[in-house]
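Let's take a friendly walk through a protein model. Have the sequence and the 3D view ready as you read.

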Amino acid sequence: QLVESGGGLVQAGDSLRLSCLFSGRAFYSYAIGWFRQPPGKEREFVSVISRSGDNIHYADSVKCRFTVSRDNAKNTAYLQMNSLNAEDTAVYYCAAGPAGGGRKELYTYWGQGTQVTVSS
């Protein structure tokens with residue numbers, strides 16, 4: 001249902017834009033969350049965007065550096081990541097749920113993840 005793309009190996013200070021393509025029906029009826037799992041750590045919340053895109057939240061660690069958006073006409077959500085640093089190295093996942101939020105349990109569908117590696 002969800003496929004992430006756009007990950008890669010970058011240097012500290014660089015930018016990346018991740019995409020999350022939803023292949024099911026009624027993309028507009030799902031909030032989209034972004035999570036990440038650093039090496040050896042638990043999966044953590046990064047950002048969430050509401051169904052219409054008018055309600056957005058970020059983890060403190062990415063606030064002012066990351067920007068989430070969505071295009072319901074293209075069934076796609078995006079995560080623009082600027083000023084990347086080594087602590088942003090992780091597998092990034094997008095997820096779809098009826099209401100969204102910061103907890104993994106709120107999401108019904110998950111992508112397979114895309115690796116982001118930031119070299120310092």
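The report below covers a sheet, a few single residues and some charged pairs.

This is a predicted model, in which local features need pLDDT of at least 70 and side-chain atom pairs count only at pLDDT 80 or more, while totals for chains, interfaces and linings use all residues. Residues are numbered from 1 along each chain as its sequence is written, and side-chain values use heavy atoms, with hydrogens and water left out.

**The sheet**

Strands here are DSSP runs (E, at least two residues), numbered from the N terminus. Two of them pair if DSSP finds at least two bridges between them. Strands of a sheet pair through backbone hydrogen bonds, either parallel or antiparallel.

Look for an open sheet of four strands, in the order β1-β3-β8-β7, with antiparallel pairing. At its edges are β1 (2–5) and β7 (66–71), each of which pairs on one side only. From one strand to the next, the twist averages 15°, using axes that are lines fitted to C-alpha atoms and angles that run from 0 to 180 degrees between N-to-C directions. Strand β3 (residues 16–22) and strand β8 (residues 76–81) are antiparallel partners over six bridges. Within β8, L79 stands opposite L18.

**Buried or exposed?**

Buried means under 20% relative accessible area, exposed means over 50%, and partly exposed is in between (1.4 Å probe, protein chains only).

Start with L2, which is found in strand β1. L2 is buried because its relative accessible area is 4%. Contact means heavy atoms within 4.5 Å. Leaving aside neighbours within four places in sequence, L2 is in contact with several residues, including C20, F22, A95, Y109 and W110. The C-alpha atoms of L2 and Y93 are 9.2 Å apart in space, although the two are 91 residues apart in sequence.

Now turn to E42, in the loop between β4 (31–37) and β5 (44–49). E42 counts as exposed because its relative accessibility is 66%. Not counting residues up to four places away in sequence, E42 touches R36 and Q37.

C64, in the loop between β6 (56–58) and β7, has a phi near 75°, and C64 counts as exposed at 81% relative accessibility. N75 lies in the loop between β7 and β8. The phi of N75 is near 55°, and N75 counts as partly exposed at 23%.

**Charged partners**

Side chains of opposite charge can pair when their charged atoms come close. A salt bridge is a side-chain nitrogen of Lys or Arg within 4 Å of a carboxyl oxygen of Asp or Glu. How many salt bridges are there by this rule? The count comes to five, and the table shows some of them.

| Pair | N to O distance |
|---|---|
| E44 and R36 | 2.7 Å |
| D88 and R65 | 2.7 Å |
| R103 and E105 | 3.9 Å |

D88 is buried at 1% relative accessible area, and R65 is buried at 15%.

R103 and E105 are both exposed. Finally, a network of salt bridges links R36, E44, R65 and D88.
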